[in-house]
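User: Could you walk me through this model before I set anything up with it?

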Amino acid sequence: MFIRTLACALLFTLLAAAARGESITDGPYVWREGDQVRATWICADQQITRRQPVDQPIEPACGDAPTLTLENTHQTAPDSLPGVERWAAISDIHGQRDRFLQLLRAQHILDATGDWAWGTGVLVITGDVLDRGPAQLEALWAIYRMAQQAASAGGRVEMLLGNHEAMVMAGDLRYLHPRYLEVAKLLGTSYDDLFAADTELGTWLRHRAVVLKLGDTLFLHGGLHPRFAEAETELDLAQLNAQFRAGLGVTREAIKANPAAHWLFGSEGPVWYRGYFESEQATSAQVDALLSKAQVARIVVGHTTNETIRVLYEGRVIGIDSGLKYGDHGELLIHEGGALWRGLIDGRRLPIAAGPI
């Protein structure tokens, strides 16, 4: 793992140098202005802006982004959904749009043209689409469009918030790919302003959830700290999601100064917690208490990277950050036919048994 991390750091440095020497193509960044929209691209280092009616599809000015149709209204993501016959989950895409879509096509969730092909199935993305990789905007628009297509077919795509979405919205750009720093420079702004509450994607992200209960499974980015099971009251997912949305934009300094904010956005909060994987990890009894409090059979999380999907606590916790962020790996957790599977990029599905892999 250390060698891979070192290699990624070197690659990031090389990418920074390359970004300074090559022309930039990116976009669109979209703002609603009454019944009009303003869409801006960077095309070979040149800014191009169009204004058009909000109900008119946005055709790409350059690059390979698809034609976009904006949502009529932004619906707040659900806190819980009834169980479904088949669902899939993936985490930590980190700007690796092409690998992400390739994996979905390999598992027939998307068809060969990139359109939704899974009918009434549900795809859950447990956060961290932003930062690190070179195609985070493209990945976000792909998810935005995929969610519309899935809804039309009776299915769903639910993207949850991860720590890197929260970081970017708070102006913490330490892990941003260098090309996006160049984009911000060309647009004369800070990159977090391109995801502010007045932008289309900024508004859409602020309507996402941080935790989702789907049937007997709880999904979130980092994990629930055992203290969530210690409260005498029920685990109120709606309140947790509402509080997290209300706190988006909180800076690291404010988190450190405010114990209430740290409880939600700090290292033990739902997008940062790693206690299922570390040496001083949550006990089996604590995990059982969490499952009982949430009334679920398992918790599915991302955030902590492993070589494959990792099963812990005899199947009661499943870690699905399987290295997609590196651009050469990544797996899907798939629930279908009453069983759990690891979906691989070559199209194979391997059964998941209770116990460590």
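Analyst: What follows goes from the overall chain to a few local details.

Analyst: This is a predicted model, in which local features need pLDDT of at least 70 and side-chain atom pairs count only at pLDDT 80 or more, while totals for chains, interfaces and linings use all residues. Residues are numbered from 1 along each chain as its sequence is written, and side-chain values use heavy atoms, with hydrogens and water left out.

User: How many helices and strands are in the protein chain?

Analyst: The protein chain has ten helices and 15 strands, these being DSSP runs numbered from the N terminus (H or I with at least four residues for helices, E with at least two for strands).

User: And what's the radius of gyration of the protein chain?

Analyst: The protein chain has 20 Å, which agrees with a compact globule because 357 residues would give a value near 21 Å; the radius is taken over C-alpha atoms, and the globule rule is 2.2 Å times the number of residues to the power 0.38.

User: What share of the residues is buried?

Analyst: Buried residues make up 55% of the 357, where buried means under 20% relative accessible area, exposed over 50% and partly exposed in between (1.4 Å probe, protein chains only).

User: Switching topic, is Asp 172 buried or exposed?

Analyst: Asp 172 counts as buried because its relative accessibility is 10%, and its place is in the loop between helix H4 (163-169) and helix H5 (178-187).

User: Which side chains does Asp 172 make polar contacts with?

Analyst: The side chain of Asp 172 is joined to that of Arg 174 by a polar contact of 2.8 Å, and to that of Arg 252 by another of 3.5 Å. A polar contact is a pair of N or O atoms within 3.5 Å; within protein, one must be able to donate a hydrogen and the other to accept it, and residues adjacent in sequence count only if both atoms are side-chain atoms.

User: Now H7: which of its residues are buried?

Analyst: In helix H7 (residues 237-247), the buried residues are Leu 237, Leu 240, Asn 241, Phe 244, Arg 245 and Gly 247, and they pack against H4, strand E8 (211-214), strand E9 (217-220) and helix H9 (259-265), with contact meaning heavy atoms within 4.5 Å.

User: What caps the N-terminal end of H7?

Analyst: Asp 236 does, with a side-chain oxygen 3.2 Å from the backbone nitrogen of Ala 238, whereas just after H7, Gly 249 takes a positive phi of about 105°.
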